[in-house]
Amino acid sequence: MAAAELIFDPRAAHGEAAFDEVLNLARTQAQAQGLPYAGIVSAQDAWQLVQAGKAVLVDVRTHEERTFVGYVPASLHVAWATGTSMNRNPRFTRELEAKAGGKDAVVVLLCRSGKRSAAAAEAAAKAGFTHVFNIAQGFEGDLDEQQQRGHSGGWRWHALPWLQD
């Protein structure tokens, strides 16, 4: 699942149309790929949407991951799975609806690599969320040749805002 290649540039943007263009491109690509949710956006696009108040960022990683690996300031947290056995959170969609402000909110989901957030986006779409997007490559990016994350792609690699406890 490749992310939209369009990266939102606020210096070149012309208001609301630029935000709509990012989301519409993600929707078009999602339809072409047969994705069961609204689409995939890059970390940079997600951050621009959140900064402009056009989307809500929800981190679906565990509390422990957020604490020890890092998190995005002002992001919401709804764990997709919990515990060492990564049991799926049975209240995920109800918690997401409550924290995001309803099923019509534009929501961008973040996990470690983009895989759990894709599963969470699919579940949210099945539950009636109409504008739920996955953030490509997640917080830590894809695995490299040494089977390590953080060296290519992802939220941190793109130097977007994050904190660590």
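Predicted model: local features only at pLDDT ≥ 70, side-chain atom pairs only at ≥ 80, totals over all residues.

Visitor: Good to know. How many helices and strands does the protein chain have?
Guide: There are five helices and seven strands in the protein chain. Along the sequence they come in the pattern α-β-α-β-α-β-β-β-α-β-α-β.

Visitor: And what percentage of the residues counts as buried?
Guide: The protein chain has 165 residues, and 47% of them count as buried.

Visitor: What about contacts between residues 24 or more positions apart? What share do they make up?
Guide: Among contacts with a separation of 6 or more, 61% are between residues 24 or more positions apart.

Visitor: Let's go inside. How many residues are in the largest nonpolar core?
Guide: That core has 24 residues, and Val60, Leu96, Val107, Leu109 and Val132 have the most contacts inside it. H4, E6 and H5 each give two or more residues to this core. The largest share comes from H5, with five residues.

Visitor: Which residues does Leu96 touch, leaving aside its neighbours within four places in sequence?
Guide: Leu96 is in contact with Val58, Val78, Gly101, Val107, Leu109, Ala124 and Phe129. Apart from that core there is another one, with 21 residues, including Ala38, Val41, Leu110 and Trp155.

Visitor: Back to H5, then. Which of its residues are buried?
Guide: In H5 the buried residues are Arg116, Ser117, Ala118, Ala120, Ala121, Ala123 and Ala124.

Visitor: And what do those buried residues pack against?
Guide: Their packing partners are helices H3 (63-69) and H4 (92-100), together with strands E5 (87-88), E6 (107-110) and E7 (132-135).

Visitor: How does the span of H5 compare with what it should be?
Guide: H5 covers residues 115-126, and at 1.5 Å a residue those twelve residues should span 16 Å. The C-alpha atoms at its ends are 17 Å apart, which agrees. After H5 comes Gly128, which has a positive phi, near 110°.

Visitor: Switching to charges: how many salt bridges are there?
Guide: The count is five. One of them joins Glu65 and Arg116, with the closest N and O atoms 2.7 Å apart. That pair links distant parts of the chain, since Glu65 is in helix H3 and Arg116 in helix H5, 51 residues apart.

Visitor: Are Glu65 and Arg116 buried or exposed?
Guide: Both Glu65 and Arg116 are buried, so each has a relative accessible area under 20%.

Visitor: How accessible are Asp59 and Arg66?
Guide: Asp59 has a relative accessible area of 0%, so it is buried. Arg66 also counts as buried, at 12% relative accessibility. Arg61 is buried too.

Visitor: Last topic, the aromatics. How many aromatic pairs are there?
Guide: There are three aromatic pairs. In one of them, the ring centres of Trp47 and Trp155 are 5.8 Å apart and the planes lie at 85°, so the pair is edge-to-face. Trp47 is in helix H2 (residues 43-51) and Trp155 in the segment after E7, 108 residues apart. Both Trp47 and Trp155 are buried.

Visitor: And how are the rings of Phe139 and Trp162 arranged?
Guide: Phe139 and Trp162 form an edge-to-face pair, because their ring centres are 5.8 Å apart and their planes are at 85°. Phe139 and Trp162 each lie in the segment after E7, so this pair ties together parts that are 23 residues apart in sequence.

Visitor: Which of those counts as buried, and which as partly exposed?
Guide: Phe139 counts as buried, at 0% relative accessibility, whereas Trp162 counts as partly exposed, at 31%.

Terms used: Residues numbered from 1 in each chain as written. Heavy atoms only, no water. Helix = DSSP H or I, 4+ residues; strand = E, 2+ residues; numbered from the N terminus. Expected span 1.5 Å × (residues − 1). Buried < 20%, exposed > 50% of the residue type's maximum accessible area, 1.4 Å probe, protein only. Contact = heavy atoms within 4.5 Å. Core = buried A, V, L, I, M, F, W, Y, C linked by side-chain atoms within 4.5 Å. Salt bridge = Lys/Arg side-chain N within 4 Å of Asp/Glu carboxyl O. Phe/Tyr/Trp six-rings, centres within 6.5 Å; stacked < 30°, edge-to-face > 60°.
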